[in-house]
Amino acid sequence: MAENCFFCNAAKDEQAAVCPACSRDTAVPAPLAAEHQALLQKRDRLRAELIEAKARLASRRRKSANA
Ligand SMILES: [Zn+2]
């Protein structure tokens, strides 16, 4: 089964101890891999919230500039 490298996100073989793309050690224990995945999801969620907050701020600024 294939998976993505934790570091560069390149597709790699699950059994490969080293990523063929970035040459980093990808033999990470499963609990750490799961934690990493959870952190990535958290990061993506926070990033989405940040984009949303920036959009709200920008529209607020536009409204006050027109007033
Ligand atoms: Zn890599």
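User: Where in the chain does N9 lie?

Analyst: Helices (H or I, at least four residues) and strands (E, at least two) are DSSP runs, numbered from the N terminus; by that reading, N9 sits in the loop between β1 (2-4) and β2 (11-13). This is a predicted model, in which local features need pLDDT of at least 70, side-chain atom pairs count only at pLDDT 80 or more, and totals for chains, interfaces and linings use all residues. Residues are numbered from 1 along each chain as its sequence is written.

User: What is the phi of N9?

Analyst: Most residues other than glycine have a negative phi. N9, which is not a glycine, has a positive phi near 65°, and S23, in the loop between β2 and α1, likewise has a positive phi, of about 65°, without being a glycine.

User: Is N9 buried or exposed?

Analyst: A residue is buried if 20 or more other C-beta atoms, placed from the backbone, lie within 10 Å of its own, exposed if 12 or fewer, and partly exposed in between. N9 counts as exposed because it has 12 C-beta neighbours inside 10 Å, and S23 is exposed because 11 other C-beta atoms lie within 10 Å. Of the 67 residues of the chain, 3% count as buried.

User: Which helix holds A34?

Analyst: A34 belongs to helix α1 (residues 30-66), and the elements run β-β-α from the N terminus on. The C-alpha atoms of A34 and C5 are separated by 13 Å, the two residues being 29 apart along the chain.
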